Amino acid sequence: MTEPIRVAVVGCGNIALGFHIPAYLAADDRFRIVGIADPTPERLELGRVAAGLTQEQVHADVADLLARDDVDALDLCTPQHLHRDVAVAAARAGKHVLCEKPIAAVPADAEAMRVAAEEAGTVLAVVANYLFFPEVVALEEIIDSGELGEVRTVRVDMLGVLDLPGAAGYRPTWRHDPAQAGGGVLVDMLHGVYLAEAFLGARAERVSAFVDSATDGDAVDGLALCRLEAGRRSALVNIGWGMGQGGIAVEGRLGRAVAHYRADGTMPWAPFESLTVTTQAGTRTVELPAGDELEPLIAASMRATVIDFADAITEGRAPAVDAAVARHILEITLAAYASGALGASIPLPLDGALFAAGVAGLAEIGVPDDSFLRSRGLFGLAAPSSARIGG
């Protein structure tokens with residue numbers, strides 16, 4: 001039996017305390033938590049208690065973790081604009097990294113993280129825990145079986161996302177700051193993007209989208225209706241804060257599969273109810289238990305995520321989502337924002353200002369004065385004085 005991987009958690013926000021630390025503790029045959037770093041004293045103490053560590057094992061500065069010889073891997077639970085420097089330093093220190101999604105706020109940062117890990121020969125995995133939901137696993141098995149035939153379209157609806165604040169000890173509204181978050185609801189819930197690509201079985205080559213804020217004056221998107229084109233295949237990914245519809249539908253040349261959630265709501269807040277498959281032979285219901293409520297569902301998927309991370313390290317294989325895939329998923333979200341600003345479809349991969357600066361690069365790509373996103377003041381785009389909402 002191999003020795004447990006010695007992991008340290010960076011950032012003691014809600015996701016770290018609620019799900020990451022418990023996942024490692026539950027997988028104690030694979031991991032041992034040996035350290036935590038957070039600059040906020042009250043959050044650091046909460047993390048220390050949750051992980052059962054001594055005062056000597058916790059640090060205000062992540063550099064102290066990186067200098068320790070008894071740390072094999074870092075788990076990054078900081079806001080995404082802070083991922084790059086820590087991930088690059090970790091790779092150079094020979095430490096593996098599990099990074100919360102999105103991988104970064106800017107594609108150039110994501111690429112720097114990928115290159116650093118590749119050069120160091122370390123694993124850089126990015127959290128994509130929805131891939132481990134039971135109905136998602138079942139859908140992928142159905143697609144792989146050929147029962148639906150060649151996949152033509154995918155629809156992922158997440159229009160009932162809750163706008164949850166961040167940890168009180170940091171900045172609870174940081175997800176509404178485009179400089180820190182890199183976007184709004186689409187970036188925060190890019191789970192829908194990687195699910196759509198997984199079901200399509202192909203990488204998006206072009207993206208088009210309608211984007212709007214949820215409330216007047218907000219600087220980030222609260223609604224993003226996106227189309228992903230991959231050759232002859234396409235996916236619709238519709239994500240928004242509010243009370244809208246949720247669900248997944250996959251259409252192939254021989255049939256369709258549809259995942260239903262309680263009251264047509266959005267996963268993971270609305271539990272999974274049923275998965276139906278329709279072909280010329282009729283409609284059947286896949287034998288799956290009813291889905292868990294939010295907390296146990298996320299807890300189980302996070303345990304699966306950290307175990308996949310451990311397997312990637314010990315088996316020398318790629319994780320479920322590596323840095324290259326995570327950068328591509330991030331670029332899809334930025335292409336959606338650019339499409340909303342320009343009123344055009346955007347090819348992938350990105351280059352120029354969007355690659356180098358993320359949403360801040362929108363100011364450099366020639367967004368017209370009459371752009372809808374300018375009229376809404378999204379992502380720091382200034383509206384002309386004569387502009388009016390909807391004009």
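The report takes the sheet, then the helices, then the pocket.

## Basis of the report

This is a predicted model, in which local features need pLDDT of at least 70 and side-chain atom pairs count only at pLDDT 80 or more, while totals for chains, interfaces and linings use all residues. Residues are numbered from 1 along each chain as its sequence is written, and side-chain values use heavy atoms, with hydrogens and water left out.

## The sheet

An open sheet of 9 strands, with mixed pairing, has the order β14-β13-β12-β11-β7-β10-β9-β8-β15 (strands are DSSP runs of E of at least two residues, and helices runs of H or I of at least four, numbered from the N terminus; two strands pair if DSSP finds at least two bridges between them). Because β14 (282–285) and β15 (346–347) stand at the edges with a single partner strand each, one side of each has no neighbour in the sheet. Strand β13 (residues 272–279) runs antiparallel to β14 and is joined to β14 by 4 bridges; Thr276 has Thr285 in β14 as its bridge partner.

Strand β7 is joined to β11 by 7 bridges in antiparallel fashion, with Met158 opposite Gly246 in β11. A further 7 bridges join β7 to β10, and these two strands run parallel; here Val161 stands opposite Trp241 in β10.

## Packing of helices α6 and α9

The axes of α6 (residues 134–145) and α9 come within 9 Å and cross at roughly 25 degrees (axes are lines fitted to C-alpha atoms, for helices over the stretch in contact, and angles run from 0 to 180 degrees between N-to-C directions). The two helices are therefore roughly parallel to each other, a term for angles under 35 degrees. Val136, Leu139, Glu140 and Ile143 of α6 meet Leu195, Ala198 and Phe199 of α9 in this contact (heavy atoms within 4.5 Å).

## The second largest pocket

The second largest pocket has a volume of about 260 Å³ (on a 1 Å grid over the protein atoms alone, a pocket is an open set of points where a 1.4 Å probe fits, with protein on both sides within 12 Å along at least five of seven lines; lining residues have an atom within 4 Å of a point; the volume is the space filled by probe spheres set on the points). Its lining includes Leu131, Phe132, Glu140, Tyr194, Arg203 and His328, and α9 (191–200) and α11 (323–342) each supply at least two of the lining residues.

Key
Angles under 35 degrees count as roughly parallel, over 145 as roughly antiparallel, 65 to 115 as roughly perpendicular and the rest as oblique.
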